[in-house]
Amino acid sequence: MKFVAAVALLASSACAFTFVANPRVETKLNLENRINEKIDLESEKVATMETLQGKTKKVYCRCWQSGSFPLCDGSHMKHNEATGDNVGPLIVTVKVE
């Protein structure tokens, strides 16, 4: 009985190792549901860092359609009209006190 349990444990460990360690295992992307279809597609994650100073206001895109990404150019309005969506930008204001 112990032998059977040991073989089962070894087999499951080998399968788990093969799944994790095998570089040929590819993640299946669901491209039809992808939001970002044009910005920095070769990156694993699109992230933008910016330091705001002084009295500043920035308007950032959240629809992925902006031609000036990461800044908003109003492209969400066309998207909203076509789809009935209600997406809008992120507006950041820095006030100097």
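**Close-up views of a predicted model**

**Figure 1. Overview of the chain.** The chain has two helices and two strands. The model is predicted. Read from the N terminus, the order of the elements is α-β-α-β. Of the 97 residues in the chain, 13% are buried. Contacts between residues at least 6 apart in sequence include a 47% share that joins residues at least 24 apart.

Figure 2. Ser66 belongs to the loop that runs between strand 1 (56–60) and helix 2 (75–83). Its relative accessible area is 3%; because this value is under 20%, Ser66 counts as buried. In one, the side chain of Ser66 reaches the backbone oxygen of Leu71 at 2.6 Å. In the other, the side chain of Ser66 reaches the backbone nitrogen of Phe69 at 3.4 Å. With residues up to four places away in sequence left out, Ser66 touches Lys38, Ile39, Cys61, Leu71, Cys72, Asp73 and Ser75.

**Figure 3. The cis peptide bond between Phe69 and Pro70.** The peptide bond from Phe69 to Pro70 is cis, and its omega is near 15°. Pro70 is found in the loop between strand 1 and helix 2, where Ser66 is also placed. The backbone nitrogen of Phe69 is reached by the side chain of Ser66 at 3.4 Å. Both Phe69 and Pro70 are among the residues that line the largest pocket.

Figure 4. Asp40 is not a glycine, yet has a positive phi of about 45°. Asp40 lies in the loop between helix 1 (2–21) and strand 1. With a relative accessibility of 36%, Asp40 falls between the 20% and 50% limits and so counts as partly exposed. Trp64, likewise a residue other than glycine, has a positive phi near 70°. The place of Trp64 is in the loop between strand 1 and helix 2. Trp64 is partly exposed because its relative accessibility is 22%, and the limit for a buried residue is under 20%. Trp64 is also one of the residues lining the largest pocket.

**Figure 5. The salt bridge between Glu50 and Lys58.** The structure holds one salt bridge. Glu50 forms it with Lys58, and the closest N and O atoms are 2.9 Å apart. Both partners are partly exposed: Glu50 has a relative accessibility of 38%, and Lys58 has one of 23%. Glu50 also takes part in the lining of the largest pocket, and Lys58 is among the residues touched by Leu52.

**Figure 6. Contacts of Leu52.** Leu52 has its place in the loop between helix 1 and strand 1. Not counting residues up to four places away in sequence, Leu52 touches Lys58, Tyr60, Val92 and Val94. Along the chain, Leu52 and Thr93 are 41 residues apart, and their C-alpha atoms are separated by 8.8 Å. Leu52 and Tyr60 both occur in the lining of the largest pocket.

**Figure 7. The two largest pockets.** The largest pocket holds about 180 Å³ of space. Its lining consists of Val46, Ala47, Thr48, Glu50, Leu52, Tyr60, Cys61, Trp64, Phe69 and Pro70. By class, these lining residues divide into eight nonpolar, one polar and one charged. The second largest pocket holds about 150 Å³. Eleven residues line the second largest pocket, and those closest to its centre are Arg34, Asn36, Ser43, Glu44 and Lys45. The lining of the second largest pocket has five nonpolar, two polar and four charged residues.

**Figure 8. The cavity.** The structure holds one cavity of 30 Å³ or more. The largest cavity has a volume of about 30 Å³. Tyr60, Cys61, Arg62, Cys63, Cys72, His76, Gly88 and Pro89 form its lining. By class, five of these residues are nonpolar, two polar and one charged. Tyr60 and Cys61, both in the cavity lining, also line the largest pocket.

Conventions
Residues numbered from 1 in each chain as written. Predicted model: local features only at pLDDT ≥ 70, side-chain atom pairs only at ≥ 80, totals over all residues. Heavy atoms only, no water. Helix = DSSP H or I, 4+ residues; strand = E, 2+ residues; numbered from the N terminus. Buried < 20%, exposed > 50% of the residue type's maximum accessible area, 1.4 Å probe, protein only. Polar contact = N/O pair within 3.5 Å; in protein donor to acceptor, adjacent residues only side chain to side chain. Contact = heavy atoms within 4.5 Å. 1 Å grid on protein atoms, 1.4 Å probe; cavity = no way out; pocket = protein on both sides within 12 Å on 5 of 7 lines; lining within 4 Å. Points joined across faces, edges and corners; volume = space filled by probe spheres on them. Nonpolar A, V, L, I, M, F, W, Y, C, P; charged D, E, K, R; others polar. Salt bridge = Lys/Arg side-chain N within 4 Å of Asp/Glu carboxyl O.
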